[in-house]
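Please consult the sequence and coordinates alongside the text.

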Amino acid sequence: MIDRNSPVTTDELHAYVDGVLPADRRDAVEAWLATHPEDAAHVAEWRAQADAIRARYGAVGQEPAPERFDLKRLTRSGRGWRAVAAAALIAALVGGIAGWLAHGAAAVAQYGLEQFTSEALNAHKLYIAEVRHPIEVRAGEEHLMPWLSLRVGTTLRAPNLESYSLKLLGGRLLPGLNGPAALFMYETPTGERYTFYCSRSNAARTALRYNTAGDAAAVLWVESDIGYVVSGPAERSRLLDIAQTAYQQMESRPPTRSTENQVSSRRGS
Amino acid sequence: MGGFRQGVEATVPALRRYARALTRDAELADDLVQDTLVRALRSEHLFHGGDVRSWLYTILTNLNRNRLRALARRPIMTAIEDNDAPDMAGPEAGGRDIERALATLVEDQRTALLLVVLEGLTYREVAEVQGVPIGTVMSRLSRARMQIKDYLDGKRPALRRVK
């Protein structure tokens, strides 16, 4: 409808229905509709849909806010919202644990990069949904890095992603394919979450690889026997930028001393 | 700062309405609103002016996306959210129809449609909430409206039900 013979675009029809059409286009659109019954039918249909949606849900917006939404109460370390988070946690765990167990049973010694990535993505999807417990140890805690480094068996560093408004929340330890894995969680001010996953990999060094799984995506690379996966929303260029930044920061990390690895892998807890 | 809080408080009814339509589940919706408020208050210091309302819609939309991503890997759990479950809220059949029609939409399309139709956001505001260009908002809106029409016309497409 954007050719010269039709002076009204589909976008304008939507804008007309939604009441955001500039006033000086109103007459043109109405004249168009008077002579184009098919478009007029669309407009009537869209209006009816909008009316139905407002009729169905509009009343909720008229209700006075229940007490649980009282801001003072919510700031007071929130007794109420703990229960909410607990419910969410249980819901996530019921599904999540089943998934983990099924995974573990199928584990074999040699894993390809695909499995490595999907392991990281599974962890990503499971933990980004957590409101109260997205992480085990907070970023501010001094023992976060030494602990995860010890368990994964290499000197770990969480990349600094503040140039993408990503704040490090903290990390957690997970079972990985070739040993323990560390998962670091990052968050934007509006609640978008990214994770950085690292674990031993017996694959050879690789370049950055992009994978999507639904609306989440991951970028994987392997360097010096450690596999890294950056996961987040499936926005390719942004995720690749973030991964590139993380990659560069890991490049400059201090070299792993092999003796240290042996000690740490023997030590266990 | 007081302005910020007042802005948040004044938006609560609208957030509840939006969340209810997004999730079509009263309890889940209020949990989402509460999580949104807790998060907004916690990151109050990160709010550098602008429209509090849009910011809250953005948080709620993202939290809902996080929730759906977690659900996406659990097909057995999502099957519980069946369209054929008895409807608790609406006595009128029309309300149920539109509710089911909304349930057949892809999440991004549902979000765009609801923000425009129910919440009265401009296309530009929706683009900001969704973090996409306006053209993308327009195509989501357009596809949502076609899909709802198809559904209501009885051409139920073999589409996965996304809650």
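## Confidence

pLDDT is the predictor's confidence in each residue, from 0 to 100, and two residues are in contact if their C-beta atoms, placed from the backbone, lie within 7 Å. This is a predicted model, in which local features need pLDDT of at least 70 and side-chain atom pairs count only at pLDDT 80 or more, while totals for chains, interfaces and linings use all residues. Residues are numbered from 1 along each chain as its sequence is written, and chains are lettered from A, with ligands numbered from 1, in the order in which they are written.

The predictor assigns the complex an ipTM of 0.82 and a pTM of 0.55. Chain B has an average pLDDT of 81, with 78% of the residues scoring at least 70. Over residues 158-163 of chain B, pLDDT stays under 50, and the model has 11 contacts beyond four places in sequence for them. It also stays under 50 over residues 74-91 of chain B, which have 14 such contacts.

## Helix 6 of chain B

Helices (DSSP runs of H or I, at least four residues) and strands (E, at least two) are numbered from the N terminus. Among the elements of chain B, helix 6 has the highest mean pLDDT (96) and helix 4 (residues 75-78) the lowest (33). Nine of the 11 residues of helix 6 (residues 107-117) of chain B are buried, that is, 20 or more other C-beta atoms lie within 10 Å of their own, with C-beta atoms placed from the backbone.

## Strands of chain A

Strand 5 (residues 209-213) and strand 6 of chain A run antiparallel, joined by five bridges; strands pair if DSSP finds at least two bridges between them. A:Arg209 stands opposite A:Leu220.

Terms used: Buried ≥ 20, exposed ≤ 12 C-beta atoms within 10 Å, placed from the backbone.
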